[in-house]
Amino acid sequence: MTPTLMALLLLVSDFLPGTLPKPALWAEPDSLITWGSPATIWCQGTLDAQEYHLQKEGRSVERLTPLKPGNKAKFYIPSMTEHYAGRYYCYYHSLAGWSEPSDTLELVVTAPYGKPTLSGLPSPVVMSGGNVTLQCGAETKFGKFILTQEGKQKLYWMEDSHQNSYGESQALFPVGPVTPSRRWMFRCYGYYRNTPQVWVGPSDPLELLIQGVSRKPSLLTLQGPVLAPGQTLTLQCRSDVGYDRFALSQEGGHFLPQRPGRQPQAGLSQAKFPLGPVSSSHGGRYRCYGGRKLSSLWSAPSDPLDILITGQLPHRPSLLVQPGPTVASGQDVMLLCQLQSPMDTFLLTKEGAANSPLRLRSKSRAGQFQAEFSISPVTSAHGGTYRCYGSLSTSPYLLSLPSDPLELVVSGEDPDPVLSELKGSAQGPGSCRTHKELTPSSFGNDCGLCPSGIQKHPNCSSHTDPAAGEVAEAAEPAVCRASRLVVGCG
């Protein structure tokens with residue numbers, strides 16, 4: 001406290017509260033004050049009050065002079081710090097004696113350093129009438145966490161802190177049922193047990209989105225789904241429905257601030273979400289939603305988009321090609337990604353392809369962990385630069401260092417689709433080829449599944465289901481061993 005304030009402090013025993021009606025006590029702009037901001041404490045009694053006294057826990061009293069017309073007095077705090085945080089009450093004196101003490105006012109100072117994070121589990125997107133759990137967590141070992149909900153009357157919930165398996169502190173807050181009749185905006189704070197009036201935070205705001213049934217938007221990446229640390233990333237959510245706002249979520253319950261929808265052309269609305277420069281925290285699965293200003297309901301979610309961050313594992317796989325880097329159109333090609341260190345999954349990317357990379361589970365052979373990516377038959381569209389990566393199942397969006405680039409050169413004309421079908425149907429025992437040409441129109445889909453109508457030769461150990469549009473895995477011969485992962489199915 002300032003010397004002036006200390007000089008004005010009087011012993012509590014000098015003032016003995018009496019029986020007159022208790023005054024009202026409040027703080028402006030709020031009882032939750034940001035560190036360094038000004039604040040005012042008001043005490044309001046009756047018009048005949050001659051003086052007011054403000055008491056803070058710690059047996060100190062501030063004498064306050066009534067303001068005209070005399071029914072209230074104020075105590076001004078020019079810069080809020082932990083010295084002013086605490087529990088207050090006030091009372092007044094008139095010719096009739098002393099009043100009862102006011103109700104207690106708890107004045108809290110908030111410090112923005114080391115703020116916690118707030119997320120929704122399993123997701124901050126909730127169906128109308130549904131429930132959700134909000135998780136407030138921090139690397140700092142707080143004693144308690146506080147959840148606040150914005151609104152006409154701010155609501156507070158408090159929970160003890162618990163440590164998770166990583167040694168971080170967190171608390172869970174069940175919320176619901178969630179209805180579209182109000183806005184569901186939350187923040188959270190943490191505090192140490194020895195300083196309960198000094199809250200760290202707030203977290204970034206988290207708004208629960210109430211999912212409706214209107215048509216889903218599309219989510220695109222302008223830089224491709226595989227990025228190195230430090231690269232700039234921008235995600236674009238777009239729709240032809242005419243939404244005027246968009247929201248983006250990352251799996252794990254995190255939301256980015258909403259963006260207004262813009263109309264680059266008639267009938268199309270979109271919003272861009274700049275996320276770079278990227279780090280490991282940007283790796284994950286994203287979805288976006290569209291909404292309208294006059295409605296609290298949001299659209300169905302977009303299809304998921306995976307963002308993968310390279311260089312997060314200190315290993316570099318090798319990428320080999322069989323029969324060689326230069327092949328004739330119509331040949332069968334196998335790309336082999338391998339590494340001595342254990343990996344759960346290998347991924348194959350083609351430079352310039354916007355689609356998600358191909359994924360294959362790792363297999364251990366002769367002391368190597370590897371995956372075989374087949375292209376059958378190869379066409380001119382498959383020519384280009386390839387790289388592969390490894391990942392672990394515990395962090396599937398964080399990749400190893402890239403392999404050295406491999407340039408695949410395809411020479412000659414592409415095979416005629418009719419001849420390919422005839423050749424495929426004329427194979428002898430033990431052979432296995434597709435009946436129709438596999439076109440390269442959409443290299444890079446997640447599972448490499450082909451459209452309906454692509455079937456396997458009857459001699460193969462497994463067959464396709466044309467209605468389901470999937471190419472099943474075949475056992476013989478080696479060229480068809482990974483037939484479900486044929487690159488370039490249209």
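Mentor: Gladly; let us take the terms one at a time, bearing in mind that this is a predicted model.

Trainee: What makes strand S18 (residues 185-191) mostly covered?

Mentor: A residue is called buried when its relative accessible area is under 20%. Six of the seven residues in S18 are buried, so the strand as a whole counts as mostly covered. For the chain, 45% of the 490 residues are buried.

Trainee: How do you know that strand S14 (residues 144-149) and S18 pair?

Mentor: Pairing requires at least two bridges found by DSSP. Six bridges join S14 to S18, so they pair; the two strands run antiparallel, and Lys 144 stands opposite Tyr 191 in S18.

Trainee: Why is S18 also called paired with strand S20 (residues 206-207)?

Mentor: There are two bridges between S18 and S20, and at least two are needed, so this counts as a pair. The sense is antiparallel, with Met 185 opposite Glu 207 in S20.

Trainee: How confident is the predictor in the chain, and where is confidence lowest and highest?

Mentor: The mean pLDDT is 81, and 80% of the residues reach 70 or more. Strand S1 (residues 9-10) is lowest, with a mean of 36, while strand S40 (residues 384-392) is highest, at 97. Over residues 1-15 the pLDDT is below 50.

Trainee: What about residues 418-490?

Mentor: There pLDDT stays under 50, although the model has 156 contacts beyond four places in sequence for them. Where pLDDT is low, predicted coordinates should not be read in detail.

Notes:
Residues are numbered from 1 along each chain as its sequence is written. This is a predicted model: local features need pLDDT of at least 70, side-chain atom pairs count only at pLDDT 80 or more; totals for chains, interfaces and linings use all residues. Side-chain values use heavy atoms; hydrogens and water are left out. Buried means under 20% relative accessible area, exposed over 50%, partly exposed in between (1.4 Å probe, protein chains only). Helices (H or I, at least four residues) and strands (E, at least two) are DSSP runs, numbered from the N terminus. pLDDT is the predictor's confidence in each residue, from 0 to 100. Contact means heavy atoms within 4.5 Å.
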